[in-house]
Structures are given as structure tokens and as C-alpha cells.
Amino acid sequence: MKTLLRMALRTLAREWRSGELGVLALALTVAVAALTGVGFLVGRIGAAVALQASSVLAADIRLGSPRPLSDEYFAEATRRGLRSARSTTLLSVVFNGDASQLSNIDAVTAGYPLRGRLLLAAEPFAPGVAASGIPAPGEVWPASRLLAAVGGKVGSHLSIGAASLLVTRVLISRPDQGGTFAELAPSLIMNAADLPATRLIQPGSRVSYHGLFAANRPEIDAFKGWLLAHKRPGERLRDVSDASPQVRNAVDRAGRFLSLASLVSVLLCAIAVAMAARRYVHRHLDAVALLKTLGATRAFTLAVSLLQLLVLALLASLAGSALGFLAQEWLLRTIRGLLAVTELPPPGIAPLALGFATALAVLAGFALPPLLQLARVPALRVLRRDVGPPPPLVLLAFGPAVAVVLALLYSVVLNGRLFVYLAAGLAAFVAGLGLAGSGLVYLAGRLRGRVGVAWRYGVANLSRRRIESVVQLIAFGTGIMVLLLLGIIRTDLASDWRRTLPPDLPNYFFVNIPPGERAEFIRFVQAEGARTTRVLPMIRGRLTAINGRPVEDGRAGREQGEASFATREQNLTWAAQLGADNRIVAGRWWTPADCGEPLVSLATEFQESLGVQVGDRLSFDIAGEALEARVASIRKVKWDTFQPNFFIVFAPGVLERFAGTYMTSAYFTPGTARTLAELAHRFPSVSIFDIDELLNQVRSVLDRAAFAVQSVFVFTLFAGLTVLLAAVQSSRDERRYESAMLRTLGASRRVVLQGVLAEFATLGMLSGLLAAAGSALAAYFLTTRWLELRYTFDLTPCVVGVVGGAVLVAVGGWLATRSVVSRPPLATLRS
Amino acid sequence: MNNRLTPSARTGATLASVLKAENLCKQVSSPEGPLTIVDHVSLEIARGESVAVAGPSGAGKSTLLALLAGLDLPSAGRVLLEGIDLTSLDEDGRARLRAQRVGFVFQFFHLIPALTALENVMLPLELAGSGEARRAAAETLARVGLRERTAYYPRQLSGGEQQRVAIARAFVTRPAVLLADEPTGNLDTATGARVGELLFELNASAGTTLVLVTHDAELGGRCGRMLRMDAGRIV
């Protein structure tokens with residue numbers, strides 16, 4: 001054992017100094033750097049995005065109840081080191097002299113909001129600046145629409161219940177104004193200390209009590225578990241994951257894409273490691289044969305190599321982790337200016353452990369098989385250089401690599417069906433490249449006689465190193481494919497986001513438009529130059545039974561801790577046409593013949609929460625009247641279009657007899673504060689819902705996700721370049737000798753270089769062609785099945801793949817072999 | 001696996017015979033059909049004897065050497081090294097036997113480039129589990145005149161110096177048999193002569209049996225016995 005250790009470490013140290021292990025170490029280091037860098041980055045940006053998403057709740061978790069919350073919750077939160085605040089919400093009429101407006105009063109305690117920020121201004125509808133606290137006792141911050149409706153201004157005194165409170169600022173937005181329309185009345189924020197003086201809370205008052213909690217994720221998760229176990233019936237817990245559908249979609253997409261990108265880096269690095277290991281083995285055949293001649297057993301020679309690689313993996317993991325950490329730290333510092341969140345969560349150590357574990361797995365899958373071969377080299381090689389190790393068993397050569405790739409793939413995808421798609425695609429791709437490689441060898445044999453000496457030499461090289469050529473083809477092809485795939489998907493994501501979030505997206509919702517004022521309202525809005533979207537009717541109703549079973553019997557509460565759709569009052573609408581942002585996923589949309597039929601179409605979120613199917617019967621209570629409807633279809637709604645959309649849509653001719661109002665959304669150019677104030681005056685019953693700030697939040701999240709994706713893309717690019725380097729390096733020794741021979745025989749340096757260029761350009765071109773086809777196919781599946789986006793075929797990636805592949809591989813090959821060709825032939829032949 | 005060389009493995013050799021080949025054949029397949037490289041060769045080499053194997057290129061000299069060392073297995077026949085049948089041992093068993101009994105000198109030196117001269121010489125001792133590797137290696141290097149070069153790497157040494165390191169490595173285990181494949185074939189005449197001198201000097205003082213494959217008539221002529229090979233046979 002001592003001899004083994006001494007031998008392994010001594011030769012490792014010396015070989016390191018003589019530069020022999022450079023490529024292998026570089027491949028491993030870049031692999032770990034890419035992996036941990038991506039891991040840190042994904043972790044921290046994911047946490048930052050979650051933090052941003054938290055601002056929609058004004059907290060990480062939010063406990064709501066119609067009854068006052070127990071002090072026990074807050075004491076427990078304090079004990080666990082969490083930050084907390086209370087918010088008490090009630091509807092009340094606010095007076096300014098004789099003018100009055102029904103308002104949503106929010107009495108908050110210090111610390112509110114725990115996530116996100118309040119924006120305040122000196123006059124209604126003006127651009128807001130972030131607040132540094134909450135209103136002092138005796139002061140209030142009414143929303144623009146409230147102040148405009150009652151004709152007040154900063155300095156006015158508003159009467160709220162029995163109290164008279166001074167307006168010191170105008171509330172432009174608050175983080176938890178939410179994406180739903182439950183709170184139609186304009187907001188007013190006051191200090192909770194003033195609440196008793198208002199005497200608004202009386203027996204029977206409709207009051208909501210909220211507990212807001214925030215901390216780092218582990219503490220929050222622990223506290224959430226505690227709360228779920230201790231909360232009383234009727235108390236509702238909301239987490240970031242329940243936050244508005246728009247933010248949730250963005251987080252989901254970003255997370256999925258980043259993990260895909262990190263997997264791509266890992267796979268590329270695995271290829272680089274395999275190539276570097278092949279070169280390592282090739283360079284050590286003589287040494288191992290000599291050791292065996294001198295009396296070393298097969299186990300000893302294997303142990304020496306394994307030990308060396310293990311030490312190398314450890315060192316490379318340390319160096320790579322440090323590099324990865326520095327890279328993401330630098331990256332996050334440069335993008336910090338873009339982030340709304342000033343406090344970025346600290347990096348976790350998980351990527352470090354994951355990085356090392358994956359590095360070991362990659363090493364085991366991709367470096368172990370060639371090492372096992374190395375130990376099988378016969379001692380006879382010391383006398384006969386042409387004797388190599390016997391050909392490996394196919395299972396042993398490729399089994400570990402395949403197993404590791406599949407395990408890595410599944411660990412990222414965690415979705416059986418998609419895993420099968422991707423694994424099958426990958427296998428088909430590798431098999432396709434293998435076949436294409438054989439085709440290339442065949443073609444090379446046919447074409448050799450028809451080209452000039454340089455091309456003949458280059459192409460003959462491909463033909464002669466048949467196995468090596470195929471392996472390189474697979475490596476280059478895979479490398480180019482994943483880079484192209486990333487490019488395609490990123491473009492698709494970006495263009496889809498741009499499509500759904502154009503700069504003139506609706507930024508105001510108008511709810512509660514009386515039927516009688518509908519036409520006049522639309523005329524007014526359009527006269528002011530704003531573009532309106534579709535106008536939908538809106539009727540309040542309550543779901544009472546599913547297939548005759550009352551929803552109160554427990555079925556509605558099956559999703560513990562979540563707001564139940566069934567126990568809430570619903571906004572219902574009817575429509576003849578299916579919106580462009582709606583897609584039927586089950587059942588069918590109605591035809592004019594169905595007009596008057598009690599049919600209903602549900603959004604997938606609603607359907608999933610209640611577990612209902614097409615054909616089920618839903619009973620509603622609308623204004624005291626019972627109505628039963630059959631589920632005709634399930635719709636997938638793209639919420640991020642900011643068009644009016646409803647969970648429950650009826651067929652026309654059913655709801656018209658009930659009294660209802662209308663809603664719409666519109667885009668107002670910035671600086672239209674006066675217009676909106678006038679609108680609030682002319683249509684006092686219309687609720688104006690300003691979603692500009694919410695939109696900005698969503699945009700900021702998407703911006704950050706896009707930037708993260710690009711950064712990860714850079715990591716992947718580095719990994720791809722390492723593959724290229726490793727691939728070229730793997731044939732360096734042979735090339736050195738061949739070049740010397742050719743030059744001895746009279747070939748000029750230019751001819752040899754042209755041959756190298758011809759060989760690599762051909763290799764790159766074919767790899768690029770196959771990669772383009774493979775990536776287009778994979779992109780189709782990924783975008784349509786996984787990311788749920790539209791896929792449009794684009795020829796550009798194909799051209800980029802072929803031309804880029806040829807240029808990249810040719811230039812890379814040329815750069816890496818230049819020194820080989822430049823070396824005087826005599827020096828090579830002598831050595 | 002034969003970890004120890006048991007008496008039952010020792011068969012049929014006289015005590016004086018260190019190396020014995022019985023009806024040795026080696027066939028390989030080639031595009032033109034089976035090719036016989038060593039054709040029914042039988043020989044016996046006594047302890048302390050020096051034998052040169054000469055012959056034209058392709059005569060099968062190096063293959064015979066590989067078979068005698070157990071680096072390769074014969075298609076037929078057997079090799080007895082100090083009475084132990086090499087064909088009855090597996091690869092690791094033959095390696096262990098070489099570590100204890102056989103020394104090698106090659107045409108292309110075959111030093112490990114990552115190790116210093118001293119470390120290269122220590123290597124066979126370490127593989128055989130000797131605790132005195134460093135001291136013995138330094139002494140042997142001194143004997144071949146490389147006391148000042150112990151810390152040098154192979155690439156820092158001349159061809160003659162590299163071959164002297166290889167000779168030191170071969171002798172450091174005090175092997176029963178030293179096999180040399182064209183030991184001067186890669187050196188200029190003067191250096192080759194000096195290396196040959198050293199080889200015979202060490203051989204004489206250690207009482208080692210020497211089997212030498214060479215084209216060098218002068219080197220071959222210094223051996224006690226000369227075997228000529230042609231087309232796989234001893235003629």
C-alpha cells in the first residue's frame with residue numbers, strides 16, 4: 001500500500017510538473033467550475049427570484065383568517081428568528097367632508113411589507129418612490145383612486161370610522177395588491193395602532209387578519225411545517241408557490257431552463273473528461289507495460305492510475321469550485337444593479353457537494369472504462385510497440401457512461417415521460433452520429449483519389465483513424481448540438497416572453513363597469529387614446545356542489561393550507577368566443593347551437609384544485625338562485641397576457657338574466673395621471689386596478705431569468721471549448737509523428753497545415769449538419785412538451801451549426817496542432 | 001492465482017539450467033494466414049552463462065526473448081525459469097516472477113519520464129517490496145558511474161546515460177537472468193561499446209545469466225555462446 005501511494009503521488013507530482021496531465025486536469029477543473037458555478041448561480045438567482053415572488057405576498061408566507069390570529073404564532077416566529085408583521089384588512093367607507101368612497105382599509109404593524117416595497121407619491125397617479133416604513137400613528141396613505149374619488153389631497157383629513165387621520169402621502173402601489181380582483185375597492189394604509197380609535201371592528205364586521213412572516217428558506221420551511229400543524233381551521237396559509245400565476249410561470253420556466261443548461265454543461269464536460277482520459281491512457285500504455293515487465297500486477301497498475309485520478313479529481317474539484325464560485329460572484333455583482341432585491345441570498349454549500357459527487361460520477365462513467373483498459377495492456381508492449389490492450393467489452397466500455405448520463409438526466413428532469421423522450425433522443429442522436437461517422441469514413445475512402453495532396457492527407461487521416469474519427473464526430477456533434485439547442489430554446493423563450501409581454505401590455509384593469517355606462521366608458525377611454533382589450537361580463541357566484549355533493553363536506557379542503565376555490569366567492573362570466581390566449585385541453589368549446597345550454601368551461605388551475613372532469617355537474621349559488629351547469633371543456637389560460645380572463649366561463653344565454661357588471665383592461669401611456677383621476681370622477685363606481693407595478697415586477701423577474709440563462713450559456717460555451725481542446729489534444733502525439741514523417745518526405749509546412757484544416761473542417765461540417773438536425777428535433781420536443789411554448793422552425797441555427805462547426809473545429813484544430821506542425825521534424829523523429 | 005512459486009511448479013530442469021525452452025512455438029494470424037515466428041525452438045542456458053541471439057531482422061529473436069521472459073505466451077511448448085513453468089502461471093504470477101528473478105535492458109531504454117534516475121532504479125525494488133530501495137538504487141547508480149546524476153530526469157540525460165540507468169535498474173534486484181534486447185542498438189559506436197563493457201562487467205561480478213539479442217557482432221562475440229536464428233529456427 002505504501003509503495004502504491006508513493007508511486008501514485010510521486011508520478012502524479014512529476015507528471016504534473018512536466019505538463020502531461022494538463023488537459024485532463026483542465027477538463028476536470030472546467031467541468032467542476034461550470035457545474036458549481038451554475039449550481040451557485042441557479043441557487044442564488046432562484047432564491048432571489050423566489051424573494052421577488054415573495055414580494056407579491058409582502059412576505060415569504062402569509063397566514064390569513066377571518067378571526068384574530070393567535071399571539072402564539074408571532075411568539076413562535078420570533079423565537080425561531082423570523083421577521084413578522086400583522087395586517088388587518090376591512091372594508092369601510094372613507095369620508096372627505098361629504099365625499100365618500102368604499103375602501104379597503106389595511107392597518108399594518110411596523111415591518112410591513114416584509115418583502116417588496118410600498119411606492120408613495122405626493123399626488124394621485126404620480127410616479128412613486130419607495131417608502132421607508134409605515135404611516136405614523138394618526139397618518140394614512142390612501143391610494144390614488146380613493147383620494148381622487150373623494151377629492152382629497154396630501155394634507156387633507158380623512159374620516160375613517162370614528163377617527164380622523166391626516167393624509168401624508170398617496171399610495172401608488174403596494175406589493176400585496178395581488179393579481180386577483182378580490183379587493184376591488186381602493187386601498188388605504190394606516191398604522192395598526194389607530195385601529196381601536198376607528199371603532200370599525202364590531203361583532204359581525206367582515207375583517208381579515210393576516211400574519212406575515214419572512215426569513216431564509218430553511219427557517220421558513222421549518223416554520224411553515226410548524227404552522228401547518230398548529231393553525232386553526234379556517235386559517236389559510238399562502239406560500240410563494242401560491243403567488244400570482246404570472247410570477248409562478250416565470251419562476252417555473254427559468255428554473256427548468258437553468259437546470260437544463262447546467263445538465264448540458266455537465267454532459268459536455270463528461271465528453272471532455274472521456275477524451276482526456278483516453279489521452280491519459282494512450283500516454284501511459286508504455287509506462288504500464290514497463291511496470292508489468294518489472295513485476296507489477298494488473299491490480300497494482302490499475303490502483304496507481306485510479307489513485308492518481310482520484311487525487312486529480314479532488315484537486316480539480318477544489319480549484320473548479322473556487323473558480324465557479326468566483327465566476328458566479330463576479331456575475332452576480334455585475335447584475336446586482338439590475339436586481340430589485342438588494343439583499344441577495346448567500347450561496348449554499350449544496351452545489352459544492354453536488355459538484356464533487358457529479359465529478360466523481362462523471363469520472364467513474366467516462367474515465368474508468370479506459371483506465372480499466374490501461375491495466376489490461378500486455379507487458380509485451382515493451383518489445384512490440386504495436387501491441388495494445390485487447391478490445392474492451394462493449395458493455396464495460398460504454399455501460400458506465402450511459403448509466404451516469406441517464407442518472408444525471410433523470411436527476412434534472414424528474415419527469416418520467418420527458419426523461420424517456422430525452423434519453424431516447426440522446427441515444428438516437430449518438431447512434432445517428434455513429435452511423436454518420438461510418439459514412440464519413442466510407443466517403444473519405446471514395447473521395448481520397450479526387451482531391452489535392454493536402455485534402456487527401458487530411459481526409460485520409462479521418463479514414464485511417466476510423467474509431468477515433470467517429471468518437472470525435474459524436475463529441476463535436478453533441479457539443480455543437482447542445483450549444484445550438486440552447487440557442488434555439490433561448491431565442492424561443494425570449495421571443496415568447498416578448499410576444500406575451502410587449503411594452504404596450506394592458507396596465508390598468510377596470511372592473512365594476514355598470515351595464516348602462518359600458519358604452520360611454522369605452523368611448524371615454526378610447527377618446528383618451530388608450531387601447532382597450534375585450535370587455536367581459538362579470539357576475540359573482542358561489543360554487544355549492546360538485547355532482548350533487550356539497551363542497552363543504554371536506555372535498556374542497558383537500559389541498560391543505562391552500563386557499564380553496566370552492567369556498568370563495570367566484571367571478572363568473574360568459575363568452576361566445578374562445579380568447580386567443582386560451583387553449584382547450586379537454587372537452588370542446590361551445591357552438592352557437594349550445595347557446596342557452598347550462599355549460600361551463602374551467603381553467604386548468606380550477607379543475608386541478610377541485611379534481612373535476614369534463615361532464616361533471618357543478619352547482620352554483622348566484623344571487624340566491626341555484627344554477628346547475630355541466631363541465632363542457634377545460635382551458636389552459638395564458639395568464640401573462642394580462643387580458644381579462646376567468647377561471648369559470650359559461651356558455652352565452654345562461655347568465656344574462658343575473659345582474660352583473662363588465663370588466664376590461666387597457667394600456668395608458670405613462671403620465672396620464674390626470675386622465676385617470678378624471679375617469680375616477682366620471683365613473684365613480686368603476687374600480688381602477690393599476691397593474692403597472694405588478695407588471696414591472698414580472699418584467700424584472702423575466703429580465704433576471706433571461707440574464708441568468710445567458711450567463712449559464714457562457715458556462716456551457718466554455719465547456720464546449722474544453723471538449724474541442726480535449727478532442728484535438730487526444731490525437732496530438734500521433735499528429736506530431738505524422739507531420740514529421742510528411743515533412744521529412746518533402747511536404748511543406750503549408751501542405752501539412754492545409755491537411756489538418758481539411759480534416760477538421762470536414763469533421764466540423766458533418767458534426768454541424770447532424771447537430772443542426774438533432775437540435776431542431778430536440779428543440780421541438782422541449783419547447784412544445786416541456787416549456788409549453790410555440791415552436792417555429794428556423795433555418796439560421798442549421799447554417800450556424802454547419803458553418804460554425806466547420807470554422808470552430810477547423811480553427812480549434814489548427815490552433816491546437818499548429819505547434820505540432822511547426823516542430824522541426826528531426827526533433828520529433830529523434831524523440 | 002499463483003502468489004507463491006510452489007515446488008510443484010518446478011519441474012524437470014537440472015540445477016545448473018536457469019532457463020530452458022522446450023519445443024517453443026509462436027504463431028500469429030496475419031492477412032496471409034497463420035505466421036510462425038518461433039518454430040520449435042529448444043534451448044537450455046546454464047547459470048552464469050552469457051548467450052547471444054543473433055540473426056537477421058524478422059528472424060524471431062525479440063519474440064523468443066519475450067517468450068523466455070514470460071512477456072508473451074507460446075502457442076506450443078513451454079519455458080522453465082529456474083525450474084518454474086511460465087506457461088502454468090497467469091499474467092500476475094509471471095509478473096511477480098519477473099520482479100524476483102528477471103532483469104531487462106531494452107533498445108529504447110524505456111525509462112519512466114516522470115521519475116528521476118534514482119526513482120527509476122528504485123522502481124523494481126519497490127515493486128518487489130524491498131525496504132532498502134533508495135540505498136540499493138543509489139549504490140547501483142554509483143556503480144554505473146551516475147552518482148552525480150541521481151536527481152536527473154531521463155530527458156536531461158544523454159542516450160548512453162539513459163541506457164546506464166536502465167542497466168542499473170536491471171541489476172539492482174540482483175536477478176537470476178538478465179535479458180537484453182539490442183542494448184546498444186540505439187547508441188553510437190563509442191557509447192555502445194562503453195555500455196557493452198558495463199553490461200559484461202556487471203554480469204561477471206554478479207554471476208547473472210545473460211541472454212542478449214543483438215545485431216552487434218562485437219557485442220555478440222563477447223558472449224560465451226552464440227545462437228543464430230533464421231525464420232524462427234535456431235540454425
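**Helix pair in chain A**

The model is predicted: local features need pLDDT of at least 70, side-chain atom pairs count only at pLDDT 80 or more, and totals for chains, interfaces and linings use all residues. Residues are numbered from 1 along each chain as its sequence is written, while chains are lettered from A and ligands numbered from 1 in the order in which they are written.

- Helix H18 (residues 732-744) and helix H20 (residues 796-822) of chain A have axes that come within 8 Å and cross at roughly 40°. Axes are lines fitted to C-alpha atoms, for helices over the stretch in contact, with angles from 0 to 180 degrees between N-to-C directions. Helices (H or I, at least four residues) and strands (E, at least two) are DSSP runs, numbered from the N terminus.
- The crossing of H18(A) and H20(A) is right-handed, meaning that the near helix is turned clockwise from the far one by less than a right angle.
- H18(A) contributes A:Arg732, A:Arg735, A:Arg736 and A:Ser739 to the contact, and H20(A) contributes A:Thr817, A:Val820 and A:Val821. Two residues are in contact if their C-beta atoms, placed from the backbone, lie within 7 Å.
- By class, this contact of H18(A) with H20(A) has three charged, two polar and two nonpolar residues. Ala, Val, Leu, Ile, Met, Phe, Trp, Tyr, Cys and Pro count as nonpolar, Asp, Glu, Lys and Arg as charged, and the others, Gly among them, as polar.

**Contact between the chains**

- Chain A puts 20 residues into the contact and chain B puts in 25.
- On the side of chain A that touches chain B, helix H1 (2-17) and helix H7 (245-293) each supply at least two residues. The largest share, six residues, comes from H1(A).
- That side of chain A has nine nonpolar, six polar and five charged residues.

**A buried helix in chain B**

- Helix H3 (residues 117-127) of chain B has eleven of its eleven residues buried, so it is largely enclosed by the rest of the structure. A residue is buried if 20 or more other C-beta atoms, placed from the backbone, lie within 10 Å of its own, exposed if 12 or fewer, and partly exposed in between.
- Among the buried residues of H3(B) are B:Glu119, B:Asn120 and B:Glu126.

**Backbone points to check**

- Most residues other than glycine have a negative phi, and most peptide bonds are trans.
- A:Tyr112 and A:Pro113 are joined by a cis peptide bond, with omega about -10°. A:Pro113 lies in the loop between strand S3 (99-108) and strand S4 (119-121) of chain A.
- B:Glu82 has a positive phi, near 50°, and is buried, with 20 other C-beta atoms within 10 Å.
- B:Arg174 also has a positive phi, near 50°, but counts as partly exposed, with 13 C-beta neighbours inside 10 Å.

**Confidence**

- The model scores ipTM 0.82 and pTM 0.61.
- Chain B averages a pLDDT of 85, and 93% of its residues score at least 70. pLDDT is the predictor's confidence in each residue, from 0 to 100.
- Over residues 1-15 of chain B the pLDDT is below 50. Where pLDDT is low, the predicted coordinates should not be read in detail.
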